[in-house]
Amino acid sequence: MKEIVDKIIEEGFECYIVGGYVRNYLLGYDSKDIDICTNAKVEDLIRIFGNAGKPNKQYYSYHIKEGEYTYDITSYRKELQYKKNKPVKLEYANDLKTDLLRRDFTINTFAIDSNGKLLDLLNAKEDLDNKIIKVVGNTKEKLTEDKTRIIRAIRFYCTLDFDLSDEILEFLKENGKMLNEIPKEYIRKELDKIFDSNGYDKFFELVKKYNLGKYLNIKFNEVYKAYDKYGIWAQIETTLPFSNSEKTVISYISNMVKKDSISTEELIIYSDTIIKNASYILNLNKEIKSFEELGKIHSIIELEITPREIAKYVEINNIKKLYKFIERKVMLGELENSNYRIKEYLETTNIGTILKEADYE
C-alpha cells in the first residue's frame, strides 16, 4: 500500500489512502479493499504503473489486484450528474477536500498520508467517536442521487452497531420507497453482509419500524438466531435473486424448521451449513453437538461402519451404545466386520431388542 502511494508521490503528485479502509483501521477491523486518491490523472497512473493494473477512464480510476488485496486508485474528482445510481458526468477536482465532499458518509472521509498521519478535513472523528452514520452534505440530495447509499447506510448501522442520524431516519420515514430503485442484486449483496454480522436484529427492527419490507422485497414474522446468512434467509419470504444451489440450501433449512425437527437421516445426508442453521433456529445445538462428537468414538478395532451410518437405525442418544455393542460382537466373532454384514444385521434384527441386550451387557 505504502509502495503504491510512494510511487505516485515520487512522480510529483499528491496521494492519500482514503475511505472505508481508514475507517476500518480506526475501528480495529481488517480490510482487503484499499481506496487511494490522488491529483494524478488516469493517463499519469497508466504511465506510472503500466500493465500492473487496469484503468477505467470513465470513472477516472486505476485498479490493481495483488493477492487478496485490491487497490482502487482514483483521481480527485467531482460528480456532477447521476443516472440510475451512478455518476454519468464527472470532472477532475484540484484538491483532496473537494474529492472528500463527494463521498457518502462522514466516517468514510478520513485520509492517511504517506507518513501514516491521519487527516480529518470534515470532522469525521467526532461522528466515529459518537458512533453515528451521517451523510456528507445534504442528506436528501445525496441519498436521492444514488439510492444505493440508503441500503449502505442501513448496512453500516447494523454491521458497525452505529446509530443513524436524525436526517437519515427522517429520509427513511418519508422516502423508503426509493429502495425500490436499487437493483435487486445489490440489495441481496448488502443484506448478505448484514445477515452474516451480529447486527441483523437491528435490521429487522428498523424494517418493521419504517415499513421497508415491501421495498426490500422481503416478508418475515419472527427471525431467530442462525448459524449464517442462509439460516436468516430461510426465515424470510423474498423475491430477491439466488442461485439454484442457494435456493436448495435455503429450502432444506426452511423445511426442517417448519416440521420443527431434524431426523437422524437428515443429519447424515445434509451439509453442515443446512444442519447447523436448522439446529440454531430450532435451538437443538446441544443435540447436534452430541451427534458431531460421535465421530470421535474411540474404537479398539476398526469397524467397517461409521457412527453416522449407524445413526440411520437409532436416535442420537443411542448411537454410541449401538456402535460399542457391534464392536463387541465383532471382537467375539459373532458378527463379520464388513459394512454389508453389519447393516444386514441391523436391518433384520429388532433394534429395541439389541439395545436391551446392550443395556444388559
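Which element gives the largest share of the lining of the largest pocket? That's α7, with six residues. Keep in mind that this is a predicted model: local features need pLDDT of at least 70, side-chain atom pairs count only at pLDDT 80 or more, and totals for chains, interfaces and linings use all residues. Residues are numbered from 1 along each chain as its sequence is written, and side-chain values use heavy atoms, leaving out hydrogens and water.

**The largest pocket**
- About 1600 Å³ of space sits in here (a volume is the space filled by probe spheres set on grid points, which are joined across faces, edges and corners).
- A pocket, on a 1 Å grid over the protein atoms alone, is an open set of points where a 1.4 Å probe fits, with protein on both sides within 12 Å along at least five of seven lines; lining residues have an atom within 4 Å of a point.
- Its lining has 43 residues, and Asp35, Asp72, Asp104, Arg152 and Tyr186 are the closest to the centre.
- By class, that lining splits into 11 nonpolar, 12 polar and 20 charged residues (Ala, Val, Leu, Ile, Met, Phe, Trp, Tyr, Cys and Pro are nonpolar; Asp, Glu, Lys and Arg are charged; the others, Gly among them, are polar).

**The second largest pocket**
- This one has a volume of about 340 Å³.
- Helix α13 (residues 244-259) gives the most to its lining, three residues (helices are DSSP runs of H or I, at least four residues, and strands are runs of E, at least two, numbered from the N terminus).

**Strand pairing**
- β2 runs parallel to β5, with six bridges joining them (strands pair if DSSP finds at least two bridges between them).
- Cysteine 37 has threonine 74 in β5 as its bridge partner.
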